[in-house]
Amino acid sequence: MKSQPITTSFPSGHSASAAAFATGVALESLGWGAVVAPVAFSVAASRVYTGVHYPGDVLVGAALGVGAAFAVRGLVPTRRQLPAPGRPYADAPALPGGEHLVVVVNEASGTAAAKASAVRDALPLAEVVECAPEDLTAALDKAARRGRALGVCGGDGTVNRAAVASARHGVPLAVFPGGTLNHFAYDLGIEEVQDTARALASGDAVKVDLGRFRPGPDGTDAGYFVNTFSLGVYPELVRLRERWSPRIGGWPAGVLAAYEVLGGERPLEAELHGKAHALWLLFAGNCIYQRLGPAPAHRYDLADGLLDVRVVHGGRLPGLRLLAAALAGPLSRSPVHAARRLRRLRIGALAPRTPVAYDGEVAHIEGELTVDKLPEALTVYRPPVRA
């Protein structure tokens with residue numbers, strides 16, 4: 001004979017978990033919330049029916065779960081709490097069905113190859129060109145010259161090259177997220193192929209800044225970024241992650257790369273506006289990143305004319321310093337972390353072959369470097385905001 005429990009297990013953990021999950025889903029989508037609510041109720045009711053909990057245990061557990069969901073929403077806002085991304089509004093040709101649009105798909109980017117068929121289905125009049133990474137730049141330039149708009153399907157590195165081609169030829173850009181992270185697309189409010197298809201059909205677009213880095217104060221051999229530029233440990237982390245990710249996947253590769261880099265790297269020696277510094281990390285974001293939880297993760301305005309510059313100073317225990325920087329807030333100054341909003345950043349005294357990372361790509365530089373912006377250099381399709 002089974003022995004009966006002698007405690008009330010107050011409150012009910014199962015009920016708390018079920019209520020927290022159902023509430024979190026409902027905060028994101030009322031429709032899906034209505035679907036999972038009966039399941040959560042069944043979990044709570046079953047605890048009473050089986051005699052594991054008293055009704056009061058279940059009610060208090062459910063209340064704690066609902067409260068936890070709302071507390072998390074205070075730290076990480078739901079999509080409906082976020083302001084509409086991107087500004088200011090820009091005129092772009094309406095291309096229903098993708099007429100006069102040429103879309104270049106990077107076959108090696110994340111899920112881009114799989115999404116190529118989705119692009120063809122959503123935009124039957126568009127021309128879709130799939131190409132290998134080594135042919136990408138030439139294909140984007142050719143597509144920008146031929147169409148009324150340039151489409152691109154790939155990750156942030158692929159979007160970077162498309163943005164350069166779009167700005168060079170003066171045509172609007174249509175982004176279809178097909179990479180692993182898709183930061184630029186998500187900051188525009190684009191998550192699926194249909195989002196971009198709606199923007200093309202209505203001609204809705206916004207102006208977007210383009211970040212730039214170049215040698216010296218007036219160098220002409222420039223590189224560009226739509227998301228971020230960084231020096232220090234991050235470029236090496238990107239290099240190792242890209243080497244290992246085909247074998248073990250993106251997230252495990254990122255964790256192993258961070259462990260490898262933080263265990264063996266030394267601070268970067270550089271000058272910022274003429275003053276010497278030892279740095280674990282220098283980050284410059286294209287526009288200001290806002291906090292979603294403990295770290296900066298989202299941009300509401302993609303044409304603010306500003307660089308979001310963050311520095312993690314050199315010293316012992318780089319892992320703890322980077323964690324402290326992530327928790328310090330969007331604008332702070334401390335012995336570990338400093339952040340500023342600038343229009344131009346001058347970096348000097350860089351050793352030969354210093355690695356830099358931009359939009360997930362890695363290059364090498366030396367000497368002096370200027371990081372600035374080309375304000376509103378891009379016109380990018382963005383889906384109309386739903387009320």
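Predicted model: local features only at pLDDT ≥ 70, side-chain atom pairs only at ≥ 80, totals over all residues.
**Helix H6**
- Helix H6 is mostly covered, since ten of its 14 residues are buried.
- Among the buried residues of H6 are Asp156, Gly157 and Thr158, as well as Ala162, Ala163, Val164 and Ala165.
- Just after H6 comes Gly170, which takes a positive phi of about 70°.

**Aromatic rings**
- The structure holds four aromatic pairs, and one of them joins Phe213 and Phe229 in a tilted arrangement, with 5.0 Å from centre to centre and 40° between the planes.
- Phe213 counts as buried because its relative accessibility is 7%, while Phe229 is buried with a relative accessible area of 0%.
- The rings of Phe225 and Phe229 have centres 6.0 Å apart and planes at 35°, so this pair is tilted, and Phe225 is buried with a relative accessible area of 0%.
- Phe213, Phe225 and Phe229 form one aromatic cluster together with Tyr358.

**Ala284 and its contacts**
- Ala284 lies in strand E10, which covers residues 275–286, and it counts as buried because its relative accessibility is 0%.
- Leaving aside residues up to four places away in sequence, Ala284 touches Phe225, Asn227, Thr228, Phe229, Asp308, Val309 and Val371.
- One of these contacts, Asp308, is 24 residues from Ala284 in sequence, yet their C-alpha atoms are 5.3 Å apart in space.

**Positive phi in residues other than glycine**
- Most residues other than glycine have a negative phi.
- Cys287, which is not a glycine, has a positive phi near 85°; this residue sits in the loop between E10 and strand E11 (290–291), and it counts as buried because its relative accessibility is 0%.
- Asp359 likewise has a positive phi, of about 50°, although it is not a glycine; its place is the loop between strand E15 (345–358) and strand E16 (361–381), and at 5% relative accessibility Asp359 counts as buried.

Note on methods:
Residues numbered from 1 in each chain as written. Heavy atoms only, no water. Helix = DSSP H or I, 4+ residues; strand = E, 2+ residues; numbered from the N terminus. Buried < 20%, exposed > 50% of the residue type's maximum accessible area, 1.4 Å probe, protein only. Contact = heavy atoms within 4.5 Å. Phe/Tyr/Trp six-rings, centres within 6.5 Å; stacked < 30°, edge-to-face > 60°.
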